[in-house]
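Hi,

Here is the structure I said I would pass on.

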Amino acid sequence: MTLPIDQLATLLRDAAKTEILPRFRRLGSDDIREKTSAVDLVTEADEAAERFIKRGCAELMPNALFVGEEGVAADPALLGRIKDADLAIIVDPIDGTANFAAGAPMFGVMAAVVSKGETVAGLIYDPLGDDWMIAEKGAGAHLVRTDGERVRLRAAAPAPIEEMIGVASSSMLPKAERRALLTRLAETRILANYRTAAHEYRLAASGALHFQFYVKLMPWDHLAGSLLMEEAGGYVRKWDGGIYRPSDVEGGLLTAPDAESWQALRRLIGDAIPSL
């Protein structure tokens, strides 16, 4: 199957240029709404960009199921259709909406292509940097600049726990588990959270992070990035050690440079998160 990855990448860029960037730092109070909490937001830009991308995908891949984050908010049944679809495109029109709404320059546009329950391509576009990170199953991961230059991406080399730099998303955990997780990860060199999986996966796939930890596995947040990380040579597994699949929406996700590093991190965190 030949996928129009370059055209899909251009579509994400066009959506950002048309619907996202003109609204950056120009949103009015009526343009921002809470979904589930004060840090789970949707803006006029999210919705307009998703409509733009959906229209373009209907032309590029007319037989593909389109699943957007905002579309699922309106029709949750869309999620269950991914695993049985011959071809599906999963899109996050703005990953890092809270950053975008606050005027912070860290947000991205993500898309993944799933075929028969397997992620076969992933793209993360940075509107402000105006470049893409693209992965295709079995073909490696690359940074693609607007002039066409392609740079092969490599995940970080393994490092001792005390030298590791990573990110953890803990806001969905109960307070006691959050405290336990962050206490144990204090053994690492630097622990951060950029409030955008798009940029965290870009950092990990380019070797700037050693690990990532997430809960709440929504496909638009993790399919593109996890493939990018794997194709860059990294190791990605669910919290229970299983392979992460497009139909997985529960549990946790941990990435690392290799299997040994993953096991070391898993031992470090140990039983801090009994809810997983």
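Five strands make up an open sheet with mixed pairing, in the order β11-β10-β12-β14-β13 (strands are DSSP E runs of at least two residues and helices are H or I runs of at least four, numbered from the N terminus; two strands pair if DSSP finds at least two bridges between them). At the edges stand β11 (190–192) and β13 (235–238), each with a single partner strand, so one side of each has no neighbour in the sheet. On average, neighbouring strands are turned by 15 degrees against each other, direction ignored (axes are lines fitted to C-alpha atoms, for helices over the stretch in contact, and angles run from 0 to 180 degrees between N-to-C directions).

This is a predicted model, where local features need pLDDT of at least 70 and side-chain atom pairs 80 or more, while totals for chains, interfaces and linings use all residues. Residues are numbered from 1 along each chain as its sequence is written, and side-chain values use heavy atoms, without hydrogens and water.

Back to the sheet: β13 pairs with β14 (residues 252–256) in the antiparallel sense over 4 bridges, and Tyr235 stands opposite Ala256 in β14. Helix α7 (residues 197–205) packs on the sheet and touches β10 (165–168), β12 (211–215) and β14 (contact means heavy atoms within 4.5 Å). The direction of α7 makes about 150 degrees with that of β12. Helix α9 (residues 259–269) also packs on the sheet, touching β12, β13 and β14.

Leaving aside residues up to four places away in sequence, His222 touches Tyr201 and Tyr244, among others.

Cheers
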